[in-house]
Amino acid sequence: MAFSLPTAILGAILGSIILAGALAILRRGPAPIPGVGLWAAAFAINALRQAAYLSVPLFGRNTALVSAEILHVTMTVLLLAGSMQFIGRKPYLPALLGVWLAAGLWAMLPLAVDMGFLVRTAPLYLFAGGAMILTGIMFLRSSEKGQYKGLWIVGAVFIAWGIHKLDFPLLRPVDWFAPIGFLLAQALSTFAGITLITQAQRRRIETAEKAAFRAEASEQQLKESQERFNDFAGIASDWFWETDHDNRLTYVSDLPEGADGKTIGKLMGTRSDEILSASSNKLSAIDRESLANLNKKLTDRDSFHNLPLTISGEDGTPRVLLVSGKPGFRNNGEFTGYRGSTLDITSQIHADRKLGETLQTQKVLNDLLQTSLEAGSLKDLLDKSLELILSIPWLAVQSKGGVFLTDPDGVTLRLVSSRDLSPAVEAGCDKIRFGQCLCGKAAKSQDIQFASCVDDRHEIRYPGMAGHGHYNVPIISQGQTVGVLVLYLNECHRSEVREVEFLESVAATLAGIIRRKQTEESLKLAKEQAEVANKAKSAFLANMSHELRTPLNAILGFAQVIQSEVMGSVGNNRYVEYGKDIVNSGEHLLAIINDILDLSKIEAGETELEEDIVDIGYVVGVCTKLVEERAQKAGVSLDVEINGIPSLRADERKLKQVVTNILANAVKFTPPGGHVSVGAEVAGDGTFEIQIEDTGVGMASDQIPKALAPFSQVDSSITRSHEGTGLGLPIARSLCELHGGSLKLDSALGIGTKVTMRFPGERIVQTLQ
């Protein structure tokens, strides 16, 4: 069979059209494959190229061939660009367009210049073959990277096709090769098209599988997201809801623990205005206001956040909610419904209320404890305590009550403190026996007596008595009932555990107040009685001292007459010695009586100062002369160092008495060979000090208070061996304090004693001696 070129060209045209159509169909699929559109265009152009060969009779040889060559270059450029897109490489369009334009211009030269076949076709087929080989190499490299399966076949076909393009200018003039070369070119073209279709279809399948995998993964992610949302919604304190365009509740998430599921379940499918109107008749005026506010937000399609709302629970208990919502709209502005969340804060409100009540309770108890430390009578403290107890907002008591105290007989209660009680109640309940009425029963049983109404236990009644209840709380201290707290309640009130616990705490606090105040008043009474007794003792001692001093002076006078034999010789020297003993004993007794009289006057507040400017050096000198003889007999040395000191504004006689007493004590308790020193100075703080220090027997620190107490002597063998009333130091300290000063005693056993007499700085007279 002879080779027919027109028939072969028609076959090539038909094959290219079929390949272009197949690739175009793949291009229009749901998931377009990159580069397939360019491939379809390339094979469509290849069909036009083949058709150009058939147009020679119509347009002439040169025109037909130039058109065919330009279309040939265009086809190769499109195949190269499409292949680059397919394997994921971005074509550099300026370079491709430049090369295509250059090749096209070269193909058009024969129209203007007469060129030989080889000169004209060699560059064009060199470009086309190079493009084909480059395309094949890209497919082979992509296949080596494992990017897609089967690309090496496509690469091999394109390389073979490119090589054939390179040899075509040389072999075409050979007559026997022309048909073979044409058929080979069409076979390679068809095979390239089929492999491209195969790879495109495989890519589509892989893409579809990946899309399905991604869809499955997305579905899994969506499922996990939904589960995660449900978990969060289940754990969260909020519950979520959704309505349709009629604000009809269409979705409610799983409710958190504690939420009223039955109540919420009944709301499904109900419009918001129906829900709100059904709840409004059970709400207070404030709740209805918040309800109306929510309804307005829903009607106006407004967003809202944490809007408070109270609904009635299944058991009738009001539940407080915080509602948040956001309206939804389509792109055309059509309202689709609300999505929102709701937080049930009922338990939180109850907890806050309980915390507030606890803080109020603690404050009242603290205030009661603070009241117990205040001055005032027991009645004043109980009045204030009762006021505090009745002021607690959460305690459901009326603003009246009373406090009873147990009388000393231990079996009778007496109303001591009351608030807003009627005269009939105060008269009838002024005194109540243990076991009588509710108060007496609480006192006797030591248990709280609660009554929700007037019952048989109300033994004391009066005309016009209104219905009421009671808390009668026993006040117990050390196992004994010291009183009863009475509080009034509204009739039919139900007792609560928190009320009982609070009242027990209050009663314990009141017990402490009562005991402390009663002890304080008992001590005050005992102190007053002791002061009265002490004044009576001082007055008695003063009177007795005067009564004793008068006859004692007479005894001393007559004894001195006998001793001096003023009236003549007594005839026996023994009588003279007796007279001397009587004088010595009388003088000692007179000194004791004078000390007692002085102390009694000081304690009775009858001692007054006769102040003058006193020369301290002179006073110390006089006092030292008085004890000097006694010191010499005792073998004790005296050392006086008083130079350049100011004078004092003081009572000279009493100052001498103080210094003399201290010096006498120092000499008396210093053993032979000891030393007594006297000094005076202005101290650093501006006060004036007189110090008398000895090296005597001294005393322990715990014996000093006893030494300063009246009629006391430090109990030791040394002090007991000396005569004395123990009034010297107390009188000296009292006289110092009478001057606004003080007397300080520092002593160590076996080392000695230092006495410091301190006088205020304002008594110093700045006249140096």
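Of the 42 residues in the largest nonpolar core of this predicted model, I616, I662, F688, I692 and M757 touch the most other members. Helix 19 gives the most to this core, contributing 8 residues. A second, separate core has 32 residues, W394, V403, Y471 and V506 among them. The chain as a whole has 769 residues, of which 41% are buried, and it contains 21 helices and 19 strands. Among contacts with a separation of 6 or more, 62% join residues 24 or more positions apart.

**I616 and the pair of helices 18 and 19**

- Leaving aside residues up to four places away in sequence, I616 touches I645, P646, L648, L655, A680, F688 and I690.
- I616 is also one of the residues of helix 18 that meet helix 19.
- Two packed helices are described by the angle between their axes and the distance between the axes.
- For helix 18 (residues 616-634) and helix 19 (residues 652-668), the angle is about 35° and the axes are 9 Å apart.
- The crossing of helix 18 and helix 19 is right-handed.
- On the helix 18 side, the contact is made by I616, Y618, V619, V622, C623, T624, L626, V627, R630 and A631.
- Helix 19 supplies E652, L655, K656, V659, T660, L663, A664 and V667 to the contact.
- By type, the residues of this contact are 13 nonpolar, 2 polar and 3 charged.

- G635 sits in the loop between helix 18 and strand 13 (637-641).
- G635 counts as partly exposed because its relative accessibility is 37%, which lies between the limits of 20% and 50%.
- G635 and V667 are separated by 32 residues in sequence, while their C-alpha atoms are 9.3 Å apart in space.
- With residues up to four places away in sequence not counted, G635 touches P672, G673 and G674.

**Helix 15 and its surroundings**

- Helix 15 (residues 437-445) has C437, L438, C439, G440, A442 and A443 as buried residues.
- These buried residues pack against strand 6 (401-406), strand 7 (412-419), strand 8 (431-433), strand 9 (449-451), strand 10 and strand 11 (480-489).
- Just after helix 15, Q446 takes a positive phi of about 60°.

**H470 in strand 10**

- H470 belongs to strand 10 (residues 469-477).
- Is H470 buried or exposed? With a relative accessibility of 6%, H470 counts as buried, because the limit for buried is under 20%.
- A polar atom of the H470 side chain lies 3.1 Å from the backbone oxygen of L487.
- The residues touched by H470, apart from those up to four places away in sequence, are L438, Q449, F450, A451, H458, V486, L487, Y488 and L489.
- One of these, L438, is a buried residue of helix 15.

- Most residues other than glycine have a negative phi.
- N306 has a positive phi, near 50°, and is found in strand 3 (residues 304-312).
- N306 counts as partly exposed because its relative accessibility is 38%.
- D420 also has a positive phi, near 55°.
- D420 is placed in the loop between strand 7 and helix 14 (423-428).
- At 54% relative accessibility, D420 counts as exposed, because the limit for exposed is over 50%.

How values were computed. Residues numbered from 1 in each chain as written. Predicted model: local features only at pLDDT ≥ 70, side-chain atom pairs only at ≥ 80, totals over all residues. Heavy atoms only, no water. Helix = DSSP H or I, 4+ residues; strand = E, 2+ residues; numbered from the N terminus. Buried < 20%, exposed > 50% of the residue type's maximum accessible area, 1.4 Å probe, protein only. Polar contact = N/O pair within 3.5 Å; in protein donor to acceptor, adjacent residues only side chain to side chain. Contact = heavy atoms within 4.5 Å. Axes fitted to C-alpha atoms, helices over the stretch in contact; angles between N-to-C directions. Left-handed = near helix turned anticlockwise from the far one by under 90°. Nonpolar A, V, L, I, M, F, W, Y, C, P; charged D, E, K, R; others polar. Core = buried A, V, L, I, M, F, W, Y, C linked by side-chain atoms within 4.5 Å.
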